[in-house]
Amino acid sequence: MAAALISLGALTACGGNAPSGSQADSGTWAKSAGTIVFGATPDQAGSDSNNKPLEDYIAKTTGYKVEYYPTSDYTALIAAAVAGKVDMITSGALQYVMAVNKGAKLTPVAATLTSPKVQDPGYYSEAIVPAGSPITTLADAKGKKVCFVDPNSTSGFLFGLYQLHQAGLDVNSSGTDANGNPTFNDFTAYFAGAHDKSEQTVASKQCDVGFAEDTVVDPAVAKGEVTVIGKEYVPGGPLAISTTLPADAQAKLTAALQGASLDAIKASGVPLTEGFTEGYFGAQKEDASYYKSITDLCTSIPAAKCSK
């Protein structure tokens with residue numbers, strides 16, 4: 001597993017041609033022909049409205065109507081994908097893998113970049129403690145309260161468990177709590193619901209240790225709220241489309257998503273909101289092979305409950 005994760009960092013962009021295999025003139029739309037239903041993960045407060053410029057760009061470049069599909073959490077997005085209620089999703093890598101493992105007809109065509117300074121869409125799951133905490137390594141998390149994002153979060157749960165496992169803690173689930181979330185013998189798990197909430201819960205010392213993605217953690221470190229004690233590379237979140245769409249719709253949507261740089265969106269005349277530009281920096285062509293490490297971790301960490 002370690003070798004797989006190390007090798008992942010060296011990956012370059014994979015081929016990103018439009019998916020094939022669908023009928024040329026027929027297919028299935030989530031709602032109605034000519035309407036792309038856009039599903040997204042509610043990672044942070046305000047994320048629904050923050051996706052609007054990408055939705056408008058897709059509409060302008062494909063000629064289709066784009067309709068946002070609101071989801072309350074990761075589980076709801078996965079369920080919508082499995083039920084065929086969305087034509088595309090933007091999500092974390094784990095949600096995509098879980099949805100496909102549950103039968104969703106999706107294929108990734110691109111992965112979103114995490115910074116204007118990077119060409120690799122990957123990012124980091126960061127282990128954090130409150131500023132000034134005596135905890136300096138994840139081995140010290142044994143017996144402590146550990147903050148995760150959501151049981152379906154890639155960097156906020158799956159890679160958090162992996163880091164704890166690497167530090168010698170038992171990450172096999174000992175049961176479930178009243179909400180159906182996994183429990184563990186070596187630590188008390190708390191699920192904050194979003195990356196920013198996980199960071200805030202750790203910063204306020206309600207959790208001894210926590211996990212969140214680097215784009216949320218790094219500004220908090222700069223403010224002196226938390227300290228990073230570990231990190232692990234995570235494949236970037238996919239832009240995945242339904243393979244049941246008509247072939248021409250798949251081709252148009254693929255071209256739009258792979259070309260959705262900030263410059264291209266701005267040049268199209270779509271207004272860029274502050275919330276959007278703070279979290280979206282373009283996309284790079286990728287395919288399903290980019291997410292193999294996620295599939296491998298799902299197999300090796302049963303508590304994640306994301307394998308087939």
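Guide: Strand S1 is mostly covered, for six of its six residues are buried. Buried means under 20% relative accessible area, exposed over 50%, and partly exposed in between, with a 1.4 Å probe and protein chains only. Strands (E, at least two residues) and helices (H or I, at least four) are DSSP runs, numbered from the N terminus. The model is predicted: local features need pLDDT of at least 70 and side-chain atom pairs count only at pLDDT 80 or more, while totals for chains, interfaces and linings use all residues. Residues are numbered from 1 along each chain as its sequence is written, and side-chain values use heavy atoms, with hydrogens and water left out.

The residues of S1 point two ways: Thr35, Val37 and Gly39 to one side, Ile36, Phe38 and Ala40 to the other, and all are buried. S1 also has strand partners; two strands pair if DSSP finds at least two bridges between them. Strand S2 (residues 65–69) runs parallel to S1 and is joined to it by five bridges, with Lys65 of S2 opposite Thr35. Strand S3 is likewise parallel to S1, through three bridges, and Ile89 of S3 is the bridge partner of Gly39.

S1 (35–40) and S3 (88–90) are also among the elements that cover the buried residues of helix H9, as are helix H3 (52–62) and strand S4 (106–112). Contact here means heavy atoms within 4.5 Å. The buried residues of H9 are Ala249, Gln250, Leu253, Thr254, Ala256, Leu257 and Gln258. H9 covers residues 247–258, and its 12 residues reach 16 Å from first C-alpha to last, close to the 16 Å expected at 1.5 Å a residue; the expected span is 1.5 Å times one less than the number of residues.

Elsewhere, strand S7 (residues 173–176) and strand S8 (residues 182–184) run antiparallel, joined by three bridges. Phe184 in S8 is the bridge partner of Ser173. These two strands form a hairpin with five residues between them, and Gly180 in the turn has a positive phi of about 85°.

Ala79 is partly exposed, with a relative accessible area of 42%. The C-alpha atoms of Ala79 and Met98 are separated by 9.8 Å, although these residues are 19 apart along the chain.
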